[in-house]
Amino acid sequence: MPATIKIHLADDHQVLLDGLTNLLQTVSNFEVVGQSVDGGNIYEDVTKNNADILILDISMPNKDGIETLKEFKENNSPCKVIILSSYEDLKIIKEVMKLGAKGYLTKKCAGENIIEAIEAVYKGEEYFSDTVREKIFNSFMGNHPKMNQNALNDNPLLSPREIEIITLISLEYSGTEISEKLYISSHTVESHRKNLMKKLNVKSTIGLVKYALKHNIINS
């Protein structure tokens with residue numbers, strides 16, 4: 001039986017909190033252990049109820065989501081934070097990532113993605129909704145990323161096949177497109193992706209893109 005995931009919800013709209021609670025209670029191993037409509041005591045409440053995951057809005061009275069994240073970071077809280085916000089501003093997204101948020105969802109897609117996001121973040125992964133992920137990719141890569149033709153010679157850590165895989169992932173090819181391009185199965189592509197994340201000690205596809213840019217595998 002899967003471990004119980006304790007979740008605390010923080011948003012200044014009670015209707016949204018009630019809706020999320022009803023949705024999350026449909027998952028057998030999810031337990032909503034608390035709610036906050038005010039930002040002032042979120043850290044204390046989350047610590048008291050030993051929540052594993054905090055779903056946090058940016059716009060909160062008395063203490064906003066940014067200040068709450070700073071408090072969690074300063075205190076080395078083990079609770080993992082997923083931002084749920086109406087904002088899609090890249091500066092805000094980058095700021096909360098820098099402060100340790102493990103996920104970022106827009107409210108318009110919360111119903112579709114929040115269960116998957118909680119499960120991913122609980123396992124140590126990062127999770128971003130599609131529009132947020134697109135903004136992050138574009139900021140890391142620019143609009144016209146290109147493969148560095150010397151990458152095969154310049155990176156002794158990765159095999160030629162791994163260079164091909166990480167390049168195509170960074171250029172936003174889907175798993176199916178990569179398998180067709182390299183004449184390998186989708187299962188093999190996924191195995192390479194997981195092995196790359198483990199080898200490079202990154203938690204997400206975005207981490208692979210960061211590595212590819214930093215080590216000149218692709219040029220933005």
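Is the crossing of helix 1 and helix 5 right-handed or left-handed? The crossing of these two helices is right-handed; a crossing has this hand if the near helix is turned clockwise from the far one by less than a right angle, and is left-handed if the turn is anticlockwise.

## Basis of the model

This is a predicted model, in which local features need pLDDT of at least 70 and side-chain atom pairs count only at pLDDT 80 or more, while totals for chains, interfaces and linings use all residues. Residues are numbered from 1 along each chain as its sequence is written, and side-chain values use heavy atoms, with hydrogens and water left out.

## Overall composition

The protein has 11 helices and 8 strands. Helices (H or I, at least four residues) and strands (E, at least two) are DSSP runs, numbered from the N terminus.

Of the 220 residues of the protein, 44% count as buried. Buried means under 20% relative accessible area, exposed means over 50%, and partly exposed lies in between, with a 1.4 Å probe and protein chains only. Contact means heavy atoms within 4.5 Å. Among contacts between residues at least 6 apart in sequence, 64% join residues at least 24 apart.

## Helix 1 and helix 5

Helix 1 covers residues 14–24 and helix 5 covers residues 110–122; their axes come within 11 Å and cross at roughly 60°. Helix 1 is therefore oblique to helix 5. Axes are lines fitted to C-alpha atoms, for helices over the stretch in contact, and angles run from 0 to 180 degrees between N-to-C directions. Angles under 35 degrees count as roughly parallel, over 145 as roughly antiparallel, 65 to 115 as roughly perpendicular and the rest as oblique.

From helix 1, Leu-20, Leu-23 and Leu-24 meet Gly-111, Ile-114, Ile-115 and Ile-118 of helix 5. By class, this contact has 6 nonpolar, 1 polar and no charged residues. Here Ala, Val, Leu, Ile, Met, Phe, Trp, Tyr, Cys and Pro count as nonpolar, Asp, Glu, Lys and Arg as charged, and the others, Gly among them, as polar. An α-helix has 3.6 residues a turn, so residues three or four places apart point the same way.

## Two nonpolar cores

A nonpolar core is a set of buried Ala, Val, Leu, Ile, Met, Phe, Trp, Tyr and Cys residues joined through side-chain atoms within 4.5 Å. The largest one holds 24 residues, of which Leu-54 and Ile-83 touch the most other members. At least two residues of this core come from each of helix 2 (42–48), strand 3 (53–56), helix 3 (65–74), strand 4 (80–85) and helix 4 (90–98).

Leaving aside residues up to four places away in sequence, Ile-83 touches Leu-56, Ile-58, Leu-69, Val-96, Ala-101, Gly-103, Tyr-104 and Leu-105.

Helix 8 (residues 160–170) packs against helix 10 (residues 186–200) at an angle of about 100°, with the axes 10 Å apart. The two helices are therefore roughly perpendicular to each other. Helix 8 contributes Arg-161, Glu-162, Ile-165, Ile-166 and Ile-169 to the contact, and helix 10 contributes His-192, Arg-193, Leu-196, Lys-199 and Leu-200. By class, there are 5 nonpolar, 1 polar and 4 charged residues in this contact.

The axes of helix 10 and helix 11 come within 10 Å and cross at roughly 65°, and this crossing is left-handed. In the contact, Arg-193, Leu-196, Met-197 and Leu-200 of helix 10 meet Thr-205, Leu-208 and Tyr-211 of helix 11. Helix 11 (residues 205–214) has 7 of its 10 residues buried, so it is largely enclosed by the rest of the structure. The buried residues are Ile-206, Gly-207, Leu-208, Val-209, Tyr-211, Ala-212 and Leu-213.

## Loop residues

Asn-49 lies in the loop between helix 2 and strand 3, and Asn-50 has its place in the loop between these elements too. Asn-49 counts as buried, at 18% relative accessibility, whereas Asn-50 counts as exposed, at 51%. Asn-49 touches Lys-6, His-8, Val-33 and Gly-34, not counting residues up to four places away in sequence. Asn-50 and His-8 are 42 residues apart in sequence and 9.1 Å apart in space, C-alpha to C-alpha.

Asn-50 has a phi near 55°, a positive value in a residue other than glycine. Glu-172, in the loop between helix 8 and helix 9 (175–182), has a positive phi near 70° and counts as partly exposed at 46% relative accessibility. Just after helix 11, Asn-216 takes a positive phi of about 60°.
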